Structures are given as structure tokens and as C-alpha cells.
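Please look over the model below with care. The questions that follow go through it step by step.

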Amino acid sequence: MVSRVIPVEPFDLVIFGGTGDLARRKILPGLFRRFRAGQMPEGSRIIGAARGNLETSAYRDLVRGGIQEFGGSESSDGDSLAAFLDSLQYVSIDATGEGGWQSLAGLVRPDVIKAFYFSVAPSLFGALAERLHMHGIADPESRIVVEKPFGRDLDSARALNHTLAEHFREEQIYRIDHYLGKETVQNLMAVRFGNILFEPLWNNHYVDHIQITVAETVGVEGRGEYYDKSGAMRDMVQNHLMQLLCLIAMEPPAQFEAGAVRDEKLKVIRALRPVPAHHIVRGQYDADGDQPSYREEAGNPRSFTESFIAIRAEIANWRWSGVPFYLRTGKKLRARHSEIAVVFKDLPHSIFEGDQARHRNILSIRLQPNEGIDLTVTIKEPGPGGMRLVDVPLDMTFATALGEDGKDVPDAYERLIMDVIRGNQTLFMRGDEVEAAWAWTDPLIAGWERRNDVPKLYDPGSAGPDDSLMLLHREGRRWREIKG
Ligand code: NAP
């Protein structure tokens, strides 16, 4: 059963970059769904802000289009959509200019919760933070939400933290990593810390290794220019995969509370060992028939940027010493498939004569498709003919387990935005976590840049370069299948 959601107070949410792709595709359709679920209290308002000169009515049309395109079946509820659009306003503002700020100051109310979503390029964060203060729009209780990328290395992340800290306390800053808002990711914590079953096994005595895979089928497409300066390490590993790794590996926090959870995650990041070059495989997708190669899509024929990366990481602490964490992510792979797999060790001895197969328990946490968790267990194959063993999944697909088709399960953005309004930072990254993550990734990136490493080519629709398979093969392990 879905538990009751804590109600929120009326709020004013200002979305800088309110006409942009992220706002149209994720933020506003997400807010609409919360509105329909009765989670947006009466009197709440959403104010879009960008440089474009739009009337509020034109802005509402733009948002309606976004919701109809990306909002799923619920967008056909015309009455709700009209009521939701009524809560929208628009202000034309240049983050780096002075026009429009007085209008915004006149719109936001002093006596409600105020959140400012910076859905613009990070180079504008400083200007926005400064002007919100200069014009007396933000108060000590206001929250700001910032998007990835949070820096491109340790220095730039520090500078960004410093800029925000000039105007906002850490308790006011919500750094979004939407992976943390995914239902399954939170369920990972519920499974780990809400059951007695797993904790005794959750260590190097019983876990052989852990795999984290985030595979995409799309290429870089229109984002080529941005992506080519970033690559899979900066775009995916430093943030999303590291966050997943933290939740899998962290010690139980004393409470499910922002400070306690984030303290434990930080300890994991700080305990990551430096990774030697032979434990990293970088790849780039090749052309496929008339489908362009990565280099063609990125518009850079000499690009050394990776569209795929696999890393064998290790955590130097008592719990995880000797347990490899294999991370991989890439574009144009076989299927859209993200999962965390905890692969347990072999039985010390099989009592079943003639059973040559290796039977391993695997706890698999699927982020997509079909969010859910399954545990592979070994049972007797039904029927006569002796004790033949077979591995079967104990499956808990949330959509099935939680009733109907899981449509009440909010999407990551919806949940995170409502957490901002509630003032709950548990699922947001703290400044020191982000810096620690860069401190781990920076030397790895510097290493391959120094060596001028060329990424290995891989076929679109494959599981990445063969060298990535070898990363596990040479240790007698293999990647789990990438399947949609
Ligand atoms: P986008 O489509 O380029 O939209 C940028 C928005 O910012 C537009 O509304 C734009 O409107 C506004 N803007 C640009 N310069 C401005 C200025 N000087 N003052 C005020 N507004 C300004 O970008 P996006 O894809 O929505 O991405 C926004 C942020 O989210 C970026 O930091 C991006 O890295 C991050 N992000 C995006 C996604 C995604 O799926 N799109 C995912 C994760 C993170 P005007 O040009 O009219 O001002």
C-alpha cells in the first residue's frame, strides 16, 4: 500500500529557465501530476522566468504544450490542466541584467515558502543568487534548487559552492540528482534498512561483487557540443553512479534524516580507492550503417571523449575491503537498462550430488525498465527425476506490488520538488559530497588526458567495448546482461 504523503504549505515556486527543455519536459509536467494528486495546496503559485518577452497567457500555452507532450495520460484531464495553468505566472528576466526583478519582487509573497529553481546554465547561478538577495526576494527560509552539472572538476565545484554560499546557507541549497528521487533507489534503502534479512549479509564475507549499470540506447544527438566537453565520467559517473554506489555501500545511518544519510554517503566517497588505469575502460560508439558515429554526432572528428565507461572501483573500509564495485554506463548500448546487482558469494559446499552449476543469490535493483527489485534464489526444479536445482527470481515489480499499474508512484522530479517545498534535504547532495566525488574522479580523468588515451570503438547496440567484458572475465566474473 502507498503510504500517506505529508501535506505541504502553500508555496511560491520560481523557475528560472521556465521556458527551457528541462522545465517543459520534467519540472512542469511533474508539478502538474502533483497538482492532480492534491499535493499542491490551494494558493500555491508557479512563476516561470526567462529572458523571452512573453505574456503570462503565452507562457501558459507553452506549458500546456509541454504537459500534453510529456505529461502522459493525465494531461488529457482538461479541467485539471486549466486549473493548474491558472496558478502559473511569467516574468521576463535576464539573470545577468536588472530588468524584471522588481516585477518578480512584486509577485512573490513574503509569507509563504519560496523556492527558486535554477534551471539555467550553471554560469548563471551566481548572478541569480546575488540578484535574489539584492532585490530582497529571497529570505533566510527560501530554498534554491540547482541542476547538474555541478562543476566540471573539483575547482569549479568548489567555486560554485562558494558562490552559492555567499548568499544561501547549506540548508537552503538543494542540489538535484534525479536518480535519488527514483522510487527504486529509495526502496533500496527501505530494503536494506527495513529488513533484518540483508544487513548480516551486506559485507565482504557474503558479497562477491556489485555491479551498477546505467545503459542508454540514445546517442548524444542534439547535446553533442555539451557532451563532448563532458563525457560519460563527468555526465553520469561522478554524480548518478556515485550516488547509487553510496546508497548501496553506506553504513546504516542512525536515522533517515538528511544530515545522517549524507554523512554516511560522504564516508563512502572518501573511502574510494584511487583507480589504476587498467581498471578503467573507455569507449566511443562507432557508425552503424547510416547511423552516425559518436564523433560525427559530436561534430568533433578528433574527439577522445568517452560515450561509454566501465570502472572497477574499490572501497577501502572493513565492510567492503576486497569487494569490487563494477560501474558501467554508456550511450547507444543494447537496451535502456539500469540496475544495481548485488552478487552474493558461492555456497561453501553443495550437498546436491551431480549439481555442477554455480548457484548464486543475486539481489537486483532495477531502475529501468519496470522499476523493481528481485532476488534470485535457488529452488528445486518441479517434477520427478531427482534433485535438480534451478535459479528463479523472487520478483517485486513495484507497479504490480503497489497496486493498479503503479500510476500513483511519483516520478523522480515530482518527488524531489515536493521535498524542496517540505524542506527535506535527504535526497539531495550536500556540497562536501559533490566536492569529494570530484576529488575521486579528477585524477582518473587527468590520468587518461595525460596519457592521451583513445577510447575503444564499440558497435551501437552492443554491450560496449570488448575490453569492458575483460574487466570482469579476467577475474572469473561476467557482466549481467543488458536487456530491455
Ligand atoms: P535550455 O533548454 O537551453 O533552457 C535554458 C533556459 O534558460 C531557457 O528558459 C532560457 O530562456 C533561460 N535562460 C537562458 N539564459 C538566461 C538568462 N541570461 N537569464 C534568464 N534566463 C535565461 O536548457 P535546459 O535543457 O532546460 O537545461 C537547464 C539546466 O538544467 C542546465 O543547467 C542543464 O545542464 C540542466 N539539466 C538539463 C536536463 C535536461 O534534460 N534538459 C537534465 C539535467 C540537467 P531564454 O533564452 O528566453 O532566456
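Two strands are said to pair if DSSP finds at least two bridges between them, where strands (E, at least two residues) and helices (H or I, at least four residues) are DSSP runs that are numbered from the N terminus. The model is a predicted one, in which local features need pLDDT of at least 70 and side-chain atom pairs count only at pLDDT 80 or more, while totals for chains, interfaces and linings use all residues. Residues are numbered from 1 along each chain as its sequence is written, and side-chain values use heavy atoms, with hydrogens and water left out.

Q: Which residue of β14 does I379 stand opposite?
A: Strand β13 (residues 372–380) and strand β14 (residues 389–397) pair in the antiparallel sense, and nine bridges are found between them. In this pairing, the residue of β14 opposite I379 is V390.

Q: Which residue in the turn of the hairpin of β12 and β13 has a positive phi?
A: Strand β12 (residues 362–368) also pairs with β13 in the antiparallel sense, over five bridges, and S364 stands opposite D374 there. Most residues other than glycine have a negative phi, and most peptide bonds are trans. In the hairpin, three residues lie between β12 and β13, and the one in the turn with a positive phi of about 50° is N370.

Q: What is the omega of the cis peptide bond that joins Q368 and P369?
A: P369 is found in the loop between β12 and β13. The bond joining Q368 to P369 is cis, and its omega is about -5°.

Q: Which peptide bond is cis, with omega near 0°?
A: The proline concerned, P149, lies in the loop between β5 and α6 (154–165). With omega near 0°, the cis bond is the one from K148 to P149.

Q: How many residues of domain 2 are in contact with domain 1?
A: The domain assignment, which is automatic or taken from a database, gives domain 1 (11–147) and domain 2 (180–473). Their centres, taken over C-alpha atoms, are separated by 33 Å. Counting contact as heavy atoms within 4.5 Å, 16 residues of domain 1 touch domain 2, and the number on the domain 2 side is 13.

Q: Which element gives the most to the side of domain 1 that touches domain 2?
A: The count of residue pairs in polar contact between the domains (both at pLDDT 80 or more) is six, a polar contact being a pair of N or O atoms within 3.5 Å, of which one must be able to donate a hydrogen and the other to accept it, while residues adjacent in sequence count only if both atoms are side-chain atoms. On the domain 1 side, β1 (11–16), α1 (21–36), β4 (113–118) and β5 (143–146) each supply at least two residues. With seven residues, the element that gives the most is α1.
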